[in-house]
Amino acid sequence: MKSKIKTLLYGIFTGMFLFVIAQVFGCSANSENQNASTVEIVKANNEEMEDHSCCSSDMDDVEDEFSDESIYQLESEWTNQSGKKVELKDFNGKPVVFTMFFASCNYACPILVYDMKKIESKLSPEELKDYQFVLVTIDPDKDTPEALNEFAKKFNLDLNRWSLLTGDKDDILELAAVLGFKFKKEADGQFSHSNLINILNEKGEVVFQHVGLNKDISLAAEKLIALNSF
Amino acid sequence: MLKKIFIPVIILILTTSVSAATPVKTKPAPEGMVLISGGTYVPLYKKEDESGKQIVKPFYMDIYPVTNKEFLEFVEANPKWRRSNVKKIFADKFYLKHWAGDLQLGNINPNSPVTNISWFAAKAYAEWRGKRLPTIAEWEFAAGASKTKPDAFDDEENINRIQKWYSQKSPEKLPAVGSTEKNYWGLYDLFGLIWEWNYDFNTALVTGESRGDSNLERNLFCGSGSASARDVKNYPAFMRYGFRSSLKANYTVHNLGFRCVIDAAN
């Protein structure tokens, strides 16, 4: 009987001991303990990370196709109002008047587009052949190629010269970041955003930014015309 | 008979103790990250009613900001992000200026947070690690915690503590990560070390709706307007919003770094 009690007591103490060990080393909400207990996964993750190099390490093969300040370095893919796939570098070679907008904009964007048309009107038909006007939407959910096409019709935009682009949300954010264009979706589906018309030279470098709405566009137009001497 | 009971008793005690110690979890957090459970978040410039609430889904966040040592690994593997190779459109001329060379840290603490990196560089690092930059909502949600509670946004003592740090000048040589406080979530250095990049920093609008010109937003930064903010006493939050809206994506700042997050997908 005594030895049986002894065995039982040993059993209980071992159990308690193991319980305590489990508490100390077991998983808990504490982040440090989490780390301690995921050593195996840590090793696996580390190996994964080391293989994760995203870009080619043979720098010698990379040609400097575009200058340091050209936005055509962005490799994002876009779709225009006709459903055609477009890259920004497709606009290389001619100066561009470039704005970000959204088609269902109630107030600012129509004015932005009219400002761009005012700039357009400062150029002769001959001169106009050498320029492009690009609108990129910040509302890809609503602004499908069809919606962009409707917008172009509504504003009477000459699609020989004007391109309206839609794309991936991350690419839109990246492009906006490059241009210093700020935007934010509001609860009602409208966007608050900067009012910015960019003048890019034929290499895709931003040479001038016209800020605001309904302001005098003469300086922007001047800058644009000056680019014609390339 | 007791001997027969002995083993099952042990097993019983073991299993109950182990299951008591292990909370139900789908997967452990990735190395160096902690789980931030989801919730609602009200941005600074919104009221705390229904219209202001945003949902923040659960995510994992780096416990510490990214260090100089870690960033060195990144540029070793990605030559186009080395100081002498980077394009001006992606990082300004002060990019990694505190390093001795393209691949040499020099006389800085390798475990100090990396700064003088642009949004593009931070984003590229995050992608290389299979992660991403935190959105403002995620960062503010995680940083809204004090040491002891998850939402201390309106906690005056907490605000004063943070404000004290914001009023100090950043040291020339930043100390190692982990040298400031840990908050409720287990995150270090959200305050007291560096500012941090966010994925959508350029939605921290200083201009309001696109009526009128792009002057300073009256609603947010002028006296009368701040009355519509969630907590007018939270001056540090105003400072962060102001700072974010002053940034451009290729800017580098000596006390601006970053940390990464991953979605906590089911």
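**Briefing: chains A and B**

Setting aside neighbours within four places in sequence, Ala122(B) is in contact (C-beta atoms, placed from the backbone, within 7 Å) with Ile117(B), Leu133(B), Trp197(B) and Phe258(B). Keep in mind that this is a predicted model, where local features need pLDDT of at least 70, side-chain atom pairs count only at pLDDT 80 or more, and totals for chains, interfaces and linings use all residues. Residues are numbered from 1 along each chain as its sequence is written, while chains are lettered from A and ligands numbered from 1 in the order in which they are written.

**The core**
- Ala122(B) also turns up in the largest nonpolar core, a set of 114 residues, where Val97(A), Ala176(A), Val34(B), Ala121(B), Ala122(B) and Ala142(B) touch the most other members.
- Such a core is made of buried Ala, Val, Leu, Ile, Met, Phe, Trp, Tyr and Cys residues joined through C-beta atoms within 7 Å, and "buried" takes 20 or more other C-beta atoms within 10 Å of the residue's own, again placed from the backbone.
- In soluble globular proteins, nonpolar side chains tend to be buried together.

**Chain B**
- Chain B has seven helices and seven strands, counted as DSSP runs numbered from the N terminus (helices H or I, at least four residues; strands E, at least two).
- Along the sequence they read α-β-β-β-β-α-α-α-α-β-α-α-β-β.
- Of its 266 residues, 41% count as buried.
- In helix α2 (residues 68-77) of chain B, the buried residues are Asn68(B), Glu70(B), Phe71(B), Phe74(B) and Val75(B).
- They sit on the same side of α2(B) because they cover an arc of only 155° around the axis, taken from the directions from the helix axis to the C-beta atoms.
- What they pack against is α3 (119-128) of chain B.

**Chain A**
- Chain A comes to eight helices and nine strands, and 30% of its 230 residues count as buried.
- Seven strands make an open sheet with mixed pairing, in the order β2-β1-β5-β4-β3-β8-β9; two strands pair if DSSP finds at least two bridges between them.
- β2 (85-87) and β9 (206-211) of chain A are at the edges with a single partner strand each, so one side of each has no neighbour in the sheet.
- Strands β3 (residues 96-101) and β8 (residues 196-200) of chain A run antiparallel and are joined by four bridges, with Val97(A) opposite Ile199(A) in β8(A).

How values were computed: Buried ≥ 20, exposed ≤ 12 C-beta atoms within 10 Å, placed from the backbone. Contact = placed C-beta atoms within 7 Å.
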